Amino acid sequence: MLDYLRAECYKLLHRSYLWITLLVVGGLELVLVLLWAWLNGDTVNVTASVGFTTVLYLLSMGYYATVITSDIVFSDQYKSNTLKNEVAYGIPRVRIYLGKLFAGCLLSVAACALLLGWYGLLCVLMLPGDGAAPEALKTLGFALLCAFPVWLGSQALYFSCFFLIRGNTAASILGVCILALLGQMLTFLSLLVGLPAPALADFLLAVRNLLLTTPLENLTDAIGDWSRVAWAWSVGAGWCVGATALGLWGFSRKEIS
């Protein structure tokens, strides 16, 4: 497994797709901080601590960033027949699946750390300090502790889609729709059946609480509430296990042509 994982990491590090994505996102971060620095004056005062806490309002982007890291690792395996070749070569399907999933998780963590570090450095160098940076970093750390497990859950979901569906575009769309629309659909259905069937509405809302996106909703009002962390980790772990089990089951029975 370790040799396969090393091979996967070697391949993804040599894909221009990865470095172009990092350069684009890093460039956008630079533009954002430069804009704040330029606007700072008598009526606008964006400090480094404000820059740090702004990340809390962008945490939902992590759900959709993982589709990019999944796509980088999977890299059109069906289209280029590399997945077929690996299976034909005799590599166990469990090793193929878990190797790519672990490579995607490692890539996500490394890319997140790199981009957040770059963003933090820009804020420190270009924005004025106000003495509130330590508290802002503490708040950001708590938020990331909540976000990390559900981001990994979304990573597992995307890989399940990639392995089960032939075509990266279709798999990406399905994963995004599950994350973006399922919660809204359950909320709408609970409102629709609320009066005639309140028990069913409560059940739908309880199911909604198990979605990956729910633990990060209104997170700014739950800073310091460690039950939110436990909730996020429970939901993230559940999706990691469930999506991986489903993906392995489907991939083990799928004919690769």
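**Close-up views of a predicted model**

**View A. Five aromatic residues gather in one cluster.** Phe 74, Tyr 97, Phe 162, Phe 163 and Phe 251 make up one aromatic cluster. Rings of Phe, Tyr and Trp (its six-membered ring) pair if their centres lie within 6.5 Å. Arg 93 sits over the face of Phe 251, 5.2 Å from the ring centre; a charge counts as over a ring if NZ of Lys or CZ of Arg is within 6 Å of the ring centre and within 35 degrees of the ring normal. This is a predicted model, with residues numbered from 1 along each chain as its sequence is written, and local features need pLDDT of at least 70, side-chain atom pairs count only at pLDDT 80 or more, while totals for chains, interfaces and linings use all residues. Side-chain values use heavy atoms, leaving out hydrogens and water.

**View B. Phe 148 and Trp 233 form a tilted pair.** Their ring centres are 5.9 Å apart and their planes meet at 45 degrees, so the pair is tilted (planes under 30 degrees apart count as stacked, over 60 as edge-to-face and the rest as tilted). Phe 148 belongs to helix H7 (residues 133-164) and Trp 233 to helix H10 (residues 226-252), 85 residues apart. Helices here are DSSP runs (H or I, at least four residues), numbered from the N terminus. Phe 148 is partly exposed at 31% relative accessible area, and Trp 233 is partly exposed at 39% (buried means under 20%, exposed over 50%, partly exposed in between, with a 1.4 Å probe and protein chains only).

**View C. Leu 59 sits in the largest nonpolar core.** A nonpolar core is a set of buried Ala, Val, Leu, Ile, Met, Phe, Trp, Tyr and Cys residues joined through side-chain atoms within 4.5 Å. Helix H7 supplies the largest share, 16 residues. Beyond its neighbours within four places in sequence, Leu 59 is in contact with residues including Ala 143, Trp 151 and Leu 219 (contact means heavy atoms within 4.5 Å).

**View D. Thr 66 is buried in helix H4.** Its relative accessible area is 5%. Leaving aside neighbours within four places in sequence, Thr 66 is in contact with Ser 108, Trp 151, Ser 154, Gln 155 and Tyr 158.

Methods
Helix = DSSP H or I, 4+ residues; strand = E, 2+ residues; numbered from the N terminus.
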